[in-house]
Amino acid sequence: MSLLDFARGPALQWSVFVFIVGVLWRLFGVLLLRSKKDLSEPRNRAAWKGLRLIALRSWPRREFLEGTAFGEVMGYAFHVGFLVTLFFFAPHVVFFADVARGLIGTDLRGLIGVGWPTLPNGIITLLAAVSVAALLALLVHRLVNPVKRLISNFDDYFSWFVTIAPLVTGLLAFSHLAGWPYERLLAWHLLSVELLLVWFPFGKLMHAFTIFAARGTTGMIFERRGASL
Amino acid sequence: MSSPTVADFLRSRGVTRRDFLNFCASTTALLGLPASMAPRVAAALGQARRPSVIWLPFQECTGCTESITRAHGATLESLIFEAISLDYQHTLQAAAGDAAERARTQAMKDHWGKYLLIVDGSIPTGNPGYGTIAGHDNLSMLKETAEGAAAIIALGTCAAYGGIPGAAPNPTGAVPVGDVIKDKPIVNVPGCPPIPVVITGVLVQYLTFGKLPELDALGRPRSFYGQTIHDRCYRRPFYERGQFAESFDDEGARRGWCLYKLGCKGPTTYNACATVKWNNGTSFPIEAGHGCIGCSQPGFWDQGGFYQPLSVGNWGNARTVGTAAAIGTVLGVAAATLARRRQRDAEEAAK
């Protein structure tokens, strides 16, 4: 069995398995926790209005802009580049379509008659490169800033590594780095993705599934107490 | 008496000096050599003596032989092939039975240590009876003939990597030449079948320089297998622009868009089809509207379906995903139940 066969076969199967088990374990484990009863008189009974915090927290507050602008800009640059690369690069779209067919028997084209669009490789390459640059800038910032360095732990650095690795290996595979056969680079790309999947539920990357629920819950608590959002 | 030179032979077949020089110039380019080497190739090839070649076909379909002898009309490439002294090839030779075997053993005796051995087809190791020629099983015939060979050319994917006979479940225990012979230089010329000009290119290099070409990690000549089909595909711009045929009869297919989504294995296949092409340079499979099936790669028959896109991996199925979801849910609910119990106990303790 070649490295590529291993990466496309058993390694992919087990990493997907671990990812699903881990994500659901963490999600149910958090969402089913008892929330502490708030006995105070609510200042605002329409607590659901606090859900707007999900959107509000996605944008920097003017009074803190000076201190957070770098992180916000780089954070968005990384996330947009990563997500566009993940969901609009043609080989990825083909993979997700196959997953959809395996789970529900059809892909998007079969459901609504229109397939998931793909973007030209030039745009994908540019955004992936921007994403890598942003991640490097964020790492430097974390290392240089004494406060951030102090509060960073293994989880932060390892999560950073497993996030940047698929981007870097993907770019190398796509550009056919001289001297390395494409299929070896492709195998390393797949293995890096599989490392990401395995680590995902157990580290800070899990925020992808919990961030909006956490913001919504906080917003509703704040709204009930009459706090300014 | 020494054998005639390649130039003598070609002249006797009516090949002009101009045609011969043109052939040498194009072959020099194909071998990845500088153009300034063309006169040297012509001089060396012209003076080269016809080498003795023994060709052993084992578990094969004769496609490799067809490729070089029947693919198209007589060309200089096929004449170069004829220029070798093919002392044994049981499909092509007129002799049969003991006479054929005598030809092989006589050629081995006369050219011991100097003859070139071409093997096409894989070698069955499961049972000697799976493949026999004149009472000799394939494995022992290969070992016996390889012993006196100067070098071996494993022609076609079956001889190079096991090919179709070696595909799962490999009922005959088929192995490639490289798994049997360890002490001789082996050049793998894979393809199902290999491109004729690649076969003659290797022969020309051997005749001209007296040595085998530079090989890649899979034992293939770098000059012909150095790039992927995808790298040199004329449909590559469509891949870059994200324009793909979704089926073989849609608008994208009619416009000649990229066949990646239809399972083309061009990105992982190293061969010269996209540049040298087939049938006298007419076209190649992708140009004819079908994706590359990766026939020059090891294990190409077992790489999933020919129509399964490359990026589709074996991620599991609805059952494995459902099992994982069930396990994750049970673990999560159990963890939450334990946590809630601890929360309740802590609250009661606080009262």
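This is a predicted model: local features need pLDDT of at least 70, side-chain atom pairs count only at pLDDT 80 or more; totals for chains, interfaces and linings use all residues.

Q: Which residues lie nearest the centre of the second largest pocket?
A: They are A:Leu4, A:Glu183, A:Arg184, B:Thr268 and B:Gln297. The lining has 44 residues. The space inside is about 1100 Å³.

Q: What makes up the lining of the second largest pocket, by nonpolar, polar and charged residues?
A: There are 18 nonpolar, 16 polar and 10 charged residues.

Q: Why is A:Glu223 called buried?
A: Buried means under 20% relative accessible area. A:Glu223 has 7% relative accessibility, so A:Glu223 counts as buried. Its place is in helix α11 (residues 207–225) of chain A. Among the residues A:Glu223 touches are A:Asn44, A:Lys49, A:Arg52 and A:Leu229.

Q: How do you know that β1 and β3 of chain B pair?
A: A pair needs at least two bridges. Strand β1 (residues 52–57) and strand β3 (residues 115–120) of chain B have 5 bridges, in the parallel sense. B:Trp55 stands opposite B:Ile118 in β3(B).

Q: What is the order of the 5 strands in the open sheet of chain B?
A: The order is β2-β1-β3-β7-β9, with parallel pairing.

Q: Why do β2 and β9 of chain B stand at the edges?
A: β2 (85–88) and β9 (186–189) of chain B each have a single partner strand, so one side of each is left without a neighbour in the sheet. Neighbouring strands of this sheet are turned by 25° against each other on average, direction ignored.

Terms used: Residues are numbered from 1 along each chain as its sequence is written. Chains are lettered from A and ligands numbered from 1 in the order in which they are written. Side-chain values use heavy atoms; hydrogens and water are left out. Helices (H or I, at least four residues) and strands (E, at least two) are DSSP runs, numbered from the N terminus. Axes are lines fitted to C-alpha atoms, for helices over the stretch in contact, and angles run from 0 to 180 degrees between N-to-C directions. Buried means under 20% relative accessible area, exposed over 50%, partly exposed in between (1.4 Å probe, protein chains only). Contact means heavy atoms within 4.5 Å. On a 1 Å grid over the protein atoms alone, a cavity is a set of points where a 1.4 Å probe fits but cannot get out, and a pocket is an open set with protein on both sides within 12 Å along at least five of seven lines; lining residues have an atom within 4 Å of a point. Grid points are joined across faces, edges and corners, and a volume is the space filled by probe spheres set on the points. Ala, Val, Leu, Ile, Met, Phe, Trp, Tyr, Cys and Pro count as nonpolar, Asp, Glu, Lys and Arg as charged, and the others, Gly among them, as polar. Lists of a residue's contacts leave out its neighbours within four places in sequence.
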